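Hi there,

Here is the structure I promised to pass on.

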Amino acid sequence: MSVTDLLWVEKYRPRTLDEIIDREEVVSRLKSFIKIGNVPNMLFVGPPGTGKTTAALALVNDLYQGSSSGRFLELNASDERGINTIREVVKDFARSRPSTGVPFKILILDESDNMTQDAQQALRRIMERYASVTRFILLANYQWGIIEPIQSRCAVFRFPPLSPTHIREGLIRVLKKEGASWSEEALEEIIKASRGDMRKAINIAQSASGGSKRLTKESILQVVGVLHPREIREMINEALKGDFASARKRLAKLLFDDGLSANDILREMNTELLSVDMDERKRLQVVNALGEANFRVSMGADAEIQISTVLAALATDFQK
Amino acid sequence: MSGSKLSWVEKYKPKTLDEIVGNDAAKKDFLDWLQKWDERGKAALLHGPPGVGKTILVEVAASTLGYRLIETNASDTRREDYLENVIKPAAFNRSLFSSRLMIFFDEVDGISREDSGALNFILELIESSRVPIVMAANDPWSQNLYRIRDRVYMIQMHRVRAQSMVKRLRDICRNEGVKCKQEVLMLIAERSEGDMRAAIEDLELLYSSHEEAGLEEAERILSYRNVEQNIFETLRMVTFASNLEKASTSLSSAEERPEDMLEWVFENIPHVSPRQSLYQSLRYVAEADALFKQISKNSVWRILPCFYHKLASAFLVIPQKSRVSFSFPNRMRERFKRFQHEKNLRELESFFTKELHVGRSAFRRDFIPLLRVLSKNEDFRSSLLNRLVDQRLKELYSSLILGEARKRFS
């Protein structure tokens, strides 16, 4: 038995394109590829929990009519051995042409905007060299995280945050199948906290359901804070208060103990920095520092050093 | 009691090959070479960082195979009479000695390039010797060895892994009857950077005076002992330098590698720079970091001075400097611990990311907190653990997700 049926998000993940109810346009384009039996290289762009992986897996399933094993592979692009692993895998693909049916295999590269620019250049060459035997589906949070030459070789599909209606539908579908009960208030809280992220919505629902499988507003509010770590906001507040040392300690914890990616921390900081209370002139300075940090990290600089400068900017009184 | 004054390094000097920690491949390689040696076999060069066991390997291998060792070091080779009267006869095994001989030149990279006499002597010896010649060097790529390099059989020895070291250190502790905590041994091993000898020296320093030193105490004591005074002096000079040239020169002429210097500056800038200038200071550090990555990636070392200028600027923008005490970079100290932790996380998540079709960062961001919450439920916890068939996975899950007794270093 696998662990997947213990987690609702995976247990109820749509397996075919037909089961995907909230991405009509994407689904119809993907279906037309299947009809002609060929797919281009693709780039799926959107924030977490918007169905990128689901769409990619469903496409693979429909394309190979269920017998997809050996014909596709999922890899995490941000592995530091990533680019070499990818090269090896693709080489193996090239060596063993699929005998029947579709004449190519599919490689799904998750988190590809976490790759450094250099790795992406290497990826681009691999994509060109093995174009005849492999199609790539790149999944990314940001389109600009992917270098231009790769973007231009891909059909780009956008996955914006899901609408409250779609989140609601998705949630109810899962809750019914689980035989859980819920109050309308509870549902509203989940939708609000999920910010268009279906994975988050379902995760919140599962952690709040407990043994009784009953969702109340209270049980939702209890888990939201835990699942959506407040630590980044706390780090920002510490820095704002001038306590740089504590903020830096917290940064080290997030990066190393929790092992969060620099991208995730930077994205979360970006969101928080827009809403947190501070002088507008200072906000410009801080956001500028964040931009520099973001850029340098993408060029391979050290995340802890770079993000520390943002914390220092937060701790600075720019009026004097 | 009389014999107990031996230093631990001496006392626990390996007597058999098995007792030499690490470098199994190199040990085997060297022994093979020696066993197959004949007069055409010429010479071997063992190279690797200090303290990894080059000298001891030669000594133990010699005694294991029944060779009598004639040892020389860099200062001996300067004495021409010694070379002529001791080494030469030995190389041709002229009756002076009865047993089988082996000649060992330790620290050959320490022979200065100007001392062409000694180098020529060794070169000639390599060609004509009738007994095995073995050399050891830290840096085999040093300029003065280039003629020797392609005439010898090179064997590389690596830094000893911290885990292997810990095992040896623990044995010593047991033998000495001292109680030493695992994390202290880890600290010692980590700080030694693969130098077994330095690690044993540190261990003795710590426990000859402190019966049961804890982690904090160990850090305090070892930071005074191990870290070269040099670097603190450098930081002080840079902090109070009056202009860019002075500050930059102090940084670039220190013995630290540039990337380590970056660590020292990053650690200490917040101590030196008050809140008002901290952002400016750290920006320079961040620029230096980004620049260094480019320099080393593209091998444009000629712009390394710019790197030092940026680091120096981090100090120069500070309006008022107060006297401070500098500290050892936390990131350097924790390098190994972080590495281990990251390795464990990856091992655990390589299972989950495949099962759940999520990327690594998504797993850490969204699923670790989820699994923590859900695992508070007894039923969920036990059914999840049941599905982790692998014992190792179960352990990792328990320590990383459930936060049970951390077994990071076992």
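Let's start with Glu111(A), which counts as buried because 26 C-beta neighbours lie inside 10 Å (buried means 20 or more other C-beta atoms within 10 Å of a residue's own, exposed 12 or fewer, partly exposed in between, with C-beta atoms placed from the backbone). Glu111(A) isn't a glycine, yet has a positive phi of about 50 degrees. You'll find Glu111(A) in the loop between strand 3 (105-110) and helix 5 (117-129) of chain A; helices (H or I, at least four residues) and strands (E, at least two) are DSSP runs, numbered from the N terminus.

Arg195(A) is also not a glycine and has a positive phi, of about 45 degrees. Arg195(A) sits in the loop between helix 8 (184-194) and helix 9 (198-209) of chain A, and with 17 C-beta neighbours inside 10 Å, Arg195(A) counts as partly exposed.

A word on where this comes from: it's a predicted model, where local features need pLDDT of at least 70, side-chain atom pairs count only at pLDDT 80 or more, and totals for chains, interfaces and linings use all residues. Residues are numbered from 1 along each chain as its sequence is written, while chains are lettered from A and ligands numbered from 1 in the order in which they are written.

Chain A averages a pLDDT (the predictor's confidence in each residue, from 0 to 100) of 88, and 94% of the residues score at least 70.

Cheers
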